[in-house]
Amino acid sequence: MKRYFPILLLLMAQGFLHAQPDPKVSSLRLHYVANQIGHPGVQFAWEKPLWNSVKVKEGKKPGQRWQTLLVSPYLGFHSHVQNHRGLGAGAGLAYRFTTKRGLEYQAFVQGGYLHTFLANPVWEYQENGEFNQVNSPGRGSLGYGFGAAFGYNAWARGKAPVAFSARLAFNQPRQATSAMLPSLSAGVHYFLSTSKS
Amino acid sequence: MKPILAIAFLAVAFSLSACYQEETFPGQLSDEYYLRHKGADLPVWVRGNASSSSFIIFLHGGPGGSSMLDALSRTLRDVTDAHPIVFYDQRLSGFAHGERNIDNLSADQMTEDLDVVVEFVKKTYNPEQIFLMGHSWGGFLGTAYLANPTYRAKITGWIDVAGAHSFPLTWQAEKNLVKAYADSMVAAGEEVKYWQKYLDWHQTTTELKEVEDLLFVNRYAHGIDGNPDAEEAYEFPAITWILSSPAALTSSQNLIIEGLSDLLVSDPLVPVMNQITTPSLFLFGKYDAVVPPAVGEAAFQQIGTPAEDKFYVLLEEEGHSMWSVNPSRFAQEVTAFVALYE
């Protein structure tokens, strides 16, 4: 793994050196997730702009306001201590507004698949009255959710091609629960820019 | 810069929750399993004194509650210091996983699930005695289990903790108690609109026919439950609440109540109470507005257990959460009862 680190650093450095703020550019998002507030996890997403609008503001404090419609396929993992571990995949559709000061406001809907694996050994009761320990393949569930995010886009301010954001989402894995379960997440976006300044 | 600091703070706070590990204690069992039975994965946590040969299986309330909050927060530590408690969550409840199917949800299915837990405890730990301890709805479930002679033979003693063995009786007692409180509030001119709504309902609803009637009075009863002058002995640490997933714990409650709606307005156990001869302890709280002491007095009279083997204790400081004000007194009663049959 160590030998790939310099390559990764070079790729990122390229973005830092040559990137020009551009709302059409895709980004990779890595978020630390607190599923149902207390259960830690991570979510990795690719955010691809589908549509955008740029409003240039002149005057004493010039800048750009961006509106972006994004699609974001994601992969995620969380662990509910002493209960289960969950693996999820899906996609979101988001509307993001970025102010000229780099503040981001976002609303999104998402849908996906969650597979949960029990955190403790599973024993199955047999008809002969005995118990067999079984390898549980886990259970799957389709679900949907919605939420909002707030962040800071450093790139929109002409700095490094990164943004930071925190998200509050409500999700319902339909085969697992009838409640909308909250999750909080926070993390970083890295813009995959190759444009030259 | 402020948003970055806020995000960093949140990340650190979440990370701390990831570091949480439930405390373990030397000489104490701390085992966790899932039992799979007929589409349900029931979580079973065993906590307590490993040297004791008497196990207590805890039946949580609800329906749709969870045992795991009590296991995580160790509110029953005075009991587990003496005997292991087997905490399990019933199907469609708490931490239980599995099919969200209410078609086969019934008292028979849930007592069968309990029997699977009993068998598992017997095979895994080989205890000399098994006691059942049922709280609230768990009081109904435990009584239903004991009404079956094959199941009953496996149980040494029954600890009914504010148990609702009869829904119509519980409803009537709860209803009258809330009415008296509502009358006093209206007379005092406090929250008149809220309490008058109850009094109007009380006047027009004289018989338990719909589960909504049960839930209606239950909401009011929970609001006035407990000793207003007493302090809770245990504070649930915030981390316990967070890790136990309050949203998940209550997420199936509506579903399970829908599945059991006919049962919850029926009274199947009173006619068979006299067949139960298991040594029994009835613990009720003086300030319990949810399952008032009158219900325990009736159960004590109705059960077929010989007089020398049945006990009724009114805990003077407690409401419906029977071990919240004076847990050592609660534990004292439980362990003294267990000691009689060890």
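In chain A, 8 strands close into a barrel in the order S1-S2-S3-S4-S5-S8-S9-S10, with antiparallel pairing. Neighbouring strands of this sheet are turned by 25 degrees against each other on average, direction ignored. The model is a predicted one. Chain B has 342 residues, of which buried residues make up 57%, and its secondary structure comes to 14 helices and 9 strands.

- S2(A) and S3(A) run antiparallel and are joined by 14 bridges.
- Within this pair, Val42(A) stands opposite Phe77(A), a residue of S3(A).
- Strands of a sheet pair through backbone hydrogen bonds, in either a parallel or an antiparallel sense.
- Val42(A) and Phe77(A) also belong to a nonpolar surface patch of about 670 Å², together with Leu30(A), Phe44(A), Leu75(A), Leu87(A), Phe117(A) and Val188(A).
- Strand S2 (39–57) and strand S3 (63–80) of chain A are the elements that give two or more residues to the nonpolar patch.
- Val188(A), one of the patch residues, is found in strand S10, which spans residues 181–191 of chain A.
- The relative accessible area of Val188(A) is 31%, so this residue counts as partly exposed; patches are made of residues with over 30%.

**Chain B: overall figures**

- Among contacts in chain B between residues at least 6 apart in sequence, 77% join residues at least 24 apart.

**Chain B: strand S2 and its partners**

- Strand S2 of chain B covers residues 40–49; 10 of the 10 residues are buried, so the strand is largely enclosed by the rest of the structure.
- S2(B) pairs with strand S1 (residues 28–37) in the antiparallel sense over 10 bridges.
- In this pairing, Leu29(B) has Gly48(B) of S2(B) as its bridge partner.
- The hairpin of S1(B) and S2(B) has 2 residues between the strands, and Lys38(B) in this hairpin takes a positive phi near 45 degrees.
- Strand S4 (residues 85–88) of chain B also pairs with S2(B), in the antiparallel sense and over 4 bridges.
- Trp45(B) has Phe87(B) in S4(B) as its bridge partner.
- Strand S5 (residues 97–98) of chain B runs antiparallel to S2(B), and 2 bridges join them.
- Asp41(B) stands opposite His97(B) of S5(B).

- Helix H5(B) is largely enclosed by the rest of the structure, because 10 of its 10 residues are buried.
- The buried residues of H5(B) include Trp137(B), Phe140(B), Leu141(B), Tyr145(B) and Leu146(B). Gly138(B), Gly139(B) and Gly142(B) are also among them.
- An α-helix has 3.6 residues a turn, so residues three or four places apart point the same way.
- Leu141(B) lies in helix H5 and is buried, with a relative accessible area of 1%.
- Apart from its neighbours within four places in sequence, Leu141(B) is in contact with Leu59(B), Tyr88(B), Gln90(B), Met110(B) and Thr111(B).
- The C-alpha atoms of Leu141(B) and Ile276(B) are separated by 14 Å, and the two residues are 135 residues apart along the chain.
- Ser136(B) sits in the loop between S6 and helix H5 (137–146) of chain B.
- With a relative accessible area of 10%, Ser136(B) is buried, since the cut-off for buried is under 20%.

**Chain B: backbone exceptions**

- Most residues other than glycine have a negative phi, and most peptide bonds are trans.
- Ser136(B), which is not a glycine, has a positive phi near 60 degrees.
- Asn126(B) is likewise not a glycine and has a positive phi of about 50 degrees.
- Asn126(B) belongs to the loop between helix H4 (107–125) and strand S6 (129–135) of chain B.
- The relative accessible area of Asn126(B) is 63%, so this residue is exposed.
- The peptide bond that joins Gly62(B) and Pro63(B) is cis, with omega at about 0 degrees.
- Pro63(B) is located in the loop between strand S3 (54–59) and helix H2 (68–73) of chain B.

Conventions. Residues numbered from 1 in each chain as written. Chains lettered and ligands numbered in written order. Predicted model: local features only at pLDDT ≥ 70, side-chain atom pairs only at ≥ 80, totals over all residues. Heavy atoms only, no water. Patch = residues over 30% accessible without salt bridge, like charges linked within 9 Å, V, L, I, M, F, W, Y side chains within 5 Å. Areas by Shrake-Rupley, 256 points an atom, 1.4 Å probe, with all protein chains shown as cover. Salt bridge = Lys/Arg side-chain N within 4 Å of Asp/Glu carboxyl O. Buried < 20%, exposed > 50% of the residue type's maximum accessible area, 1.4 Å probe, protein only. Pairing = 2+ DSSP bridges. Axes fitted to C-alpha atoms, helices over the stretch in contact; angles between N-to-C directions. Contact = heavy atoms within 4.5 Å.
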